[in-house]
Structure formats: structure tokens, C-alpha cells
Amino acid sequence: MESTPEWASQPCIMGIDEAGRGPVLGPMVYGCLYCPLSYQSSLASLHFADSKTLKEEKREELYENLKLDKSLGWAVDVIGPRELSAKMLAVNKINLNEISHNSAMGLIKQVLDMGVLLTEVYLDTVGDPEKYRIKLSERFSSIKFVVSKKADSLYPVVSGASIVAKVTRDRALKEWLVEETGENINRNFGSGYPGDPETKAWLTQHKHSVFGFPSLVRFSWGTCTTHLKSEVEVAWESDEAEESGNGNSSTKRQAKLSKFGFTTCESRSEEIESSGKGRCKFFQARKIQQITQF
């Protein structure tokens, strides 16, 4: 819901919940539902419930109903598997709790920027409830925050947000554009949770000894690490240069730059290319050489 509702200037409440935090496949989705405080008592009559307790058909029905209700507003933040992995595996790592916090705060800011007068926000906890509440209150001092476990079962406005998030994730997963079109990838991946036998079988079937998994997979999950332990180890040329004990910072910098296709150390690059030293066997066997000039 992008347009500012007519009731935006009235005191409003919001619920926030997520879907897809645990799966090894697909996006994590944060959803929010908001409405006038005066409409809060009517939420119970909409029969919202924790999305995990509802069948898919019922979730779809409730989702379509809430979209038509002019007293309700909603928004989502879809965080793809590539973004999750990049943040969690970066040099300056961002853990899943922090990613979750940032997503929730992003939704609050988005709705506030629309001109909606949020006075109360209800959330399912991520980490310690009180620490999370304090963090939110410091960022948005004019809003009363209620952070609790099982909020999606206790507060209808959070139950509604849970449905928004779950239906959005389910649809996104069904319609996900798989980039690796030449790899004969099927979509029989089950629930996407690491413990699902169908998901495990899919991961095994779609594992590549060098490139790992398709981009649908969250590489930062421990499940992937276990699967890839016995596969080919890729050695970067710069790793060898830095581990050689050479104290020349310029040489190290040149080696690092070669990762990105740039080099000012032609003799070093040519030596590696001619000898094959430090190159993965996959590339050696296929006579694949590094391109340094375009």
C-alpha cells in the first residue's frame, strides 16, 4: 500500500512480523500491517491468526481480504538470499538479528515518511525483548513499542502482518527467477528448511563442486557449509602473495587488485598464468586463464 490513507493523521497502531527467517532457500520477508487505533477492536473480527497455524488457502483468502479493507495499510521488505549471504559473510559481518532489526525499523520509517501518525507498534521479538524495545524506542522516541514472544498469536495486528509476510514470501518463492537457467534447476525443494528431507535432496542434487549452489540458496547458512566441505577449494592468487611474507605493501595491493581484474604487476601475473601455480585445478584442467586487460 503506497498511497497515504485518509486516516493517516489519526493515532495509528502497527504490527510487524517476518516469514522465512530459518529456511536455507529464498528470501526473508518482513511485513507490517497498520490501522487507526480506533479500528483496533475490529481486527479480531477479521479472523487473523499466526500464519504458521493457517493453511495456504486460508492465508491467501485473508491476504486478499485485508488488501481490500480501506481501514488497513500494509508494506513489505523482501530481503533476497544473495543480500542475506553478502551481509552475513562480509568482512564486517551483519548478523541475522541485526538484519531483522534494520528491516523492521525500515518499515516503520517508510510508514512514518508517508505521513502516518504511528503511536503504538507491536513486534515479535528478535533476541532479548527488552533490549530490542529499548533499541526501537531510542530510534523512534514518540512511539510506544510492545515487543514480546509469540506476538503473532497475541496481537491481531501482528497476526495480520504475519499473513502479509508469509503470503509474500510464498509467492516470491514460487515466482523466483532462477538466474542459472542452464543448470536444469527444478523447483521441488520442499519447505526450504534445512531439516526437510526434500530440501536436503534438492541441495545435494544442485550442488556444484566449484561454484556451490544456485543463487536461490543462502550460502551463509551452516547447512551449506556442511554440504561444501568436501568440494573443491578455490585459492586466490592474492592469498598466496600475502601469505608469502613479502612486506612490500605495494605488491600486496597489486595482488589484491588482481582479484577485480586489474593489475600493475605484469611479471607476477604472467608467472602465475604460465606456471598455473596457485590456480584451482578446475581452471587448470580447462585451461581457463585470468583476464587482466580488456
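Where does UniProt place the feature "binding site"? The unreviewed UniProt entry places this feature at Asp17, Glu18 and Asp124; such positions are given in the numbering used here, feature names are shortened, and annotations may be inferred rather than shown by experiment.

## Basis of the model

The structure is a predicted model, in which local features need pLDDT of at least 70 and side-chain atom pairs count only at pLDDT 80 or more, while totals for chains, interfaces and linings use all residues. Residues are numbered from 1 along each chain as its sequence is written, and side-chain values use heavy atoms, with hydrogens and water left out.

## Overall composition

The protein chain contains 12 helices and 5 strands. These elements are DSSP runs numbered from the N terminus, with helices (H or I) of at least four residues and strands (E) of at least two.

Of the 294 residues of the chain, 43% count as buried. Buried means under 20% relative accessible area, exposed means over 50%, and partly exposed lies in between (1.4 Å probe, protein chains only). Among contacts (heavy atoms within 4.5 Å) with a separation of 6 or more, 67% join residues 24 or more positions apart.

An open sheet is formed by 5 strands in the order 3-2-1-4-5, with mixed pairing. Strand 3 (73–79) and strand 5 (144–148) are at the edges and have a single partner strand each, so one side of each lacks a neighbour in the sheet. On average, neighbouring strands of this sheet are turned by 15° against each other, direction ignored. Two strands pair if DSSP finds at least two bridges between them.

Strand 2 (residues 28–36) and strand 3 run antiparallel and are joined by 7 bridges; Tyr34 stands opposite Gly73 of strand 3. Strand 4 and strand 5 run parallel and are joined by 5 bridges, and Tyr122 has Val146 in strand 5 as its bridge partner. Strand 5 is mostly covered, with 4 of its 5 residues buried.

## Helices across the sheet

Helix 3 (residues 96–113) lies across strand 1 (12–19), strand 2, strand 3, strand 4 (118–124) and strand 5, and runs at about 35° to strand 2. Helix 4 (residues 129–139) lies across strand 4 and strand 5, at about 155° to strand 5. For these angles, axes are lines fitted to C-alpha atoms, for helices over the stretch in contact, and values run from 0 to 180 degrees between N-to-C directions.

## The annotated residues

The record's "binding site" comprises Asp17, Glu18 and Asp124. These residues span 108 residues in sequence, yet no two of their C-alpha atoms are more than 8.5 Å apart, so they gather at one spot. The lining of the largest pocket includes Asp17, Glu18 and Asp124. A pocket is an open set of points on a 1 Å grid over the protein atoms alone, where a 1.4 Å probe fits, with protein on both sides within 12 Å along at least five of seven lines; lining residues have an atom within 4 Å of a point.

Asp17 is found in strand 1 and is buried, because its relative accessibility is 2%. Beyond four places in sequence, the residues that Asp17 touches include Asp124, Asp152 and Ser162. Glu18 also lies in strand 1, but Glu18 is partly exposed at 21%. Leaving aside neighbours within four places in sequence, Glu18 is in contact with Val29, Tyr30 and Ala165. A polar atom of the Glu18 side chain lies 3.3 Å from the backbone nitrogen of Arg21.

How values were computed
Polar contact = N/O pair within 3.5 Å; in protein donor to acceptor, adjacent residues only side chain to side chain.
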